[in-house]
Amino acid sequence: MSNSQWPLWEVFIRSKQGLNHKHVGSLRAPDATLALENARDVYTRRSEGISIWVVESVQIHATDFDQSGSFFEPSDTKIYRHPTFYEVPDGVKHM
Amino acid sequence: MNEAALYEYVLRMSDDSLILGQRLGEWCGHGPILEEDIAMTNIALDLVGQAISLYDFAVLLEGKDRDHDQLAYLRYENEYKNLLLVEQPNGDFAMTMLRQFFFDAFRLPLFEFLEKSPVEQLAAIAQKSLKETRYHLKHSSEWVIRLGDGTEESHRRAQAAVDHLWRYTHELFYENQHDVELQENGLVPKLSDVQASWMITVQEVLKEATLAIPTNNWKFEGGREGRHSEHMGYILSELQYMQRAYPNMEW
């Protein structure tokens, strides 16, 4: 990364109803404190959240898109992993 | 109640908010980074929002059946009672942040005291504005610290801003007979208490920012009495353009 740019940060926001923080976008900031302030100003202007996480983008390790075949496709043919083959006993309600 | 004195008091606060909001708004689309562009515009809108509430209260006190637009847009320069500090040009980013910091450090304790004022509307406006103002001060303080204690160039620019703006900070604590009257009746805080709190914030933040407080006591004032710097006319011509060109327009 060039020194002329501030580090990139990924922003996660927990909404009022949500239980988990969700990725909403990214921004640039010189440090974590200002990354949180920038996230507040850029991503919560319309009351989108009650909690913010920021993570420096370089700290995130991602799967390789070129290998997504071997990573994800094998599960496509294993429908038995979905719990849809069970007989639900008559006495069980609200399923 | 001391309507005339209170009117002047509230008008000053509204004018401070409006003019500083207008100044900050000039950064819109020109911020050093997108994130800061949005941050400054947010703060500008907070200030304009505060100005609207304060003008609404001012017109009630004045009792002349004017509305907030008439106060904001249709007065002459010498009728505006804002501080010289808030009308100073944006300059570079350091100048804008230092101007903001000196103002926020004043506004926060002022609103904290006013929240307890027996004047209900004023207490309500102060209470609503406090959360915004706390954030404004945090934002400007963080920047003052980073600019002062940053690179050689950012330190030089931040110190130049402190040295230039210091002469306008004295006016934050301007008082006239009306203020004394309001203070004696317990309606508004003593400005000496606000000043003590302001000084503590300024000393703490500038120290952390490795910035020096100027030792000269060269002071400028006049805004509170309607005597403005040469910049004010340009601000008003832009601010008032729509209302003057299209009288009574609303949006």
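A polar contact here is a pair of N or O atoms within 3.5 Å; within protein, one of the two must be able to donate a hydrogen and the other to accept it, and residues adjacent in sequence count only if both atoms are side-chain atoms. One such contact, of 3.0 Å, joins the side chains of B:Glu8 and B:Arg12. The model is a predicted one, in which local features need pLDDT of at least 70 and side-chain atom pairs count only at pLDDT 80 or more, while totals for chains, interfaces and linings use all residues. Residues are numbered from 1 along each chain as its sequence is written, chains are lettered from A and ligands numbered from 1 in the order in which they are written, and side-chain values use heavy atoms, with hydrogens and water left out.

To stay with B:Glu8 for a moment, this residue lies in helix α1 (residues 3-25) of chain B; helices (H or I, at least four residues) and strands (E, at least two) are DSSP runs, numbered from the N terminus. B:Glu8 is buried, at 14% relative accessible area, where buried means under 20%, exposed over 50% and partly exposed in between (1.4 Å probe, protein chains only). Setting aside neighbours within four places in sequence, B:Glu8 is in contact with B:Asn176 and B:His178, contact being heavy atoms within 4.5 Å. B:Lys81 sits 73 residues away from B:Glu8 along the chain, yet their C-alpha atoms are separated by 8.2 Å.

As for confidence, pLDDT is the predictor's own score for each residue, from 0 to 100. Chain A has a mean of 89, with 96% of its residues at 70 or more.

Now to where the chains meet. Chain B brings 13 residues to the contact and chain A brings 12. In chain B, B:Glu35, B:Tyr135 and B:Arg146 lose the most area to chain A, together 44% of what that side buries. The area buried between the two chains (accessible area, 1.4 Å probe, lost on putting them together and summed over both) is about 1200 Å², and carbon and sulfur atoms give 56% of that.

The rule for a salt bridge asks for a side-chain nitrogen of Lys or Arg within 4 Å of a carboxyl oxygen of Asp or Glu, and two turn up across the interface. One pairs A:Glu37 with B:Lys138, at 3.4 Å from N to O. On the chain B side, α2 (34-62) and α6 (120-148) each supply at least two of the residues that touch chain A. Eight residue pairs are in polar contact between the chains, both residues at pLDDT 80 or more.

Over all chains the salt bridges come to 17. B:Arg66 and B:Glu62 meet at 2.7 Å, N to O; B:Arg66 is partly exposed at 26%, whereas B:Glu62 is buried at 16%. B:Arg157 and B:Asp92 bridge at 3.1 Å. That pair ties together distant parts of the chain, 65 residues apart: B:Arg157 is in helix α7 (residues 152-169) and B:Asp92 in the loop between α4 (84-87) and α5 (93-114). B:Arg227 and B:Glu225 come to 2.5 Å, with B:Arg227 partly exposed at 48% and B:Glu225 partly exposed at 39%. Shared partners also join A:Asp31, A:Glu37, B:Lys138, B:Glu142 and B:Arg146 into one salt-bridge network.
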